[in-house]
Amino acid sequence: MSRIKELEGGLIVSCYADWSINPYMDNDEAISCMARSCIAGGAKAIRTNLEHVKAIREAIKEPLIGIKKIYKGGDTESPDFRITPTMKEVDELVAAGADGIAIDGTKRERYDDVPLEVFIHQIKEKYPDLILVADVSTLEEGLFCYKHGVDIIGTTLSGYTPYSKNPIKFGTIPAPDPDYELISELRSAGVERVIAEGRINDGHKMQKCLEAGAYAVVIGTSITEPKKIVKTILNDCNERG
């Protein structure tokens, strides 16, 4: 049975690290301890990369959403990546213990010859109880994925595709505001569940996302990436100095 109701109104923490982002924490022990700490603090669920799904599954009972970033040509420094783009990654995430999976729901070129709508149908047919999230960057993409059977639309990639309404660069400090407008547009267009993700770094912004209609909110680096947290604090200090 899908655990989707457990997410409603809550905070999902993205416990994500790979060697290109934080090599010091890219190990099962660090990530599972981080996940347990976030759950102890009140998070309703965890989102993480394939490499750490099994360890976190053993550490927590709460819902676990898995992803796998695939970089074009294997270059992890490249901004050209897709989120869980093929059934291979889906099967691996399910086998590792994920309750839900986020896939790339953008209109960008795919990394296989399977159209996005066919991919969605294949996943839902094979894993009917799996929570399926489509990470998108525009209203058009969100409506397309929702029409074809995705359970939740995530605003994760808003700003991070060249055709986004307000394109930005990953890791920009200070971060622009979350895309409250996209959340509201998706809900107004009939999308039942929207997960707000991206550039949410405090409780006030989380609340604004929920007020805009978000079903749940994902926060990642502002909680789980010490390097970015420190850089943000120092940037704020220098601005006021």
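Select strand S1 and strand S2 (residues 45-49): 4 bridges join the two, which run parallel. Strands pair if DSSP finds at least two bridges between them. Strands (E, at least two residues) and helices (H or I, at least four) are DSSP runs, numbered from the N terminus. Within this pair, Ser14 stands opposite Arg47 in S2. Right-handed here means that, with the strands pointing away from the viewer, the path from the first strand over the helix to the second runs clockwise.

The model is a predicted one, in which local features need pLDDT of at least 70, side-chain atom pairs count only at pLDDT 80 or more, and totals for chains, interfaces and linings use all residues. Residues are numbered from 1 along each chain as its sequence is written, and side-chain values use heavy atoms, with hydrogens and water left out.

Stay with S1 (residues 11-15), where 5 of 5 residues are buried. Buried denotes under 20% relative accessible area, exposed over 50%, and partly exposed in between, with a 1.4 Å probe and protein chains only. Leu11, Val13 and Cys15 point one way from the strand, while Ile12 and Ser14 point the other way. Next, select strand S10 (residues 216-219), which pairs with S1 in the parallel sense over 3 bridges. Here Ile12 stands opposite Val218.

Now display the whole sheet. A closed barrel of 8 strands runs S1-S2-S3-S6-S7-S8-S9-S10, with parallel pairing. Its neighbouring strands are turned by 25 degrees against each other on average, direction ignored. The axes are lines fitted to C-alpha atoms, for helices over the stretch in contact, and angles run from 0 to 180 degrees between N-to-C directions.

Move to strand S6 (residues 100-104), which is joined by 2 bridges to the parallel strand S3 (residues 64-67). Ile65 has Gly100 as its bridge partner, and Gly66 has Ile101. In S7, Asp135 is the bridge partner of Asp104. Between S6 and S7 the chain passes through helix H4 (residues 116-126), and this β-α-β crossover is right-handed.

Turn next to the pockets. A pocket is, on a 1 Å grid over the protein atoms alone, an open set of points where a 1.4 Å probe fits, with protein on both sides within 12 Å along at least five of seven lines; lining residues have an atom within 4 Å of a point. The largest pocket has a volume of about 1,400 Å³, a volume being the space filled by probe spheres set on the points. To find its centre, select Ile21, Phe170, Gly171, Thr221 and Lys228, which lie nearest to it among 45 lining residues. Helix H9 (226-240) is one of the elements that give two or more residues to this lining, and its 7 residues are the largest share.

Finally, select Ser158, Lys165, Asn166, Asp179 and Glu181, which lie nearest the centre of the second largest pocket. This pocket holds about 260 Å³ of space. Helix H6 (residues 180-188) gives the most to its lining, with 4 residues.
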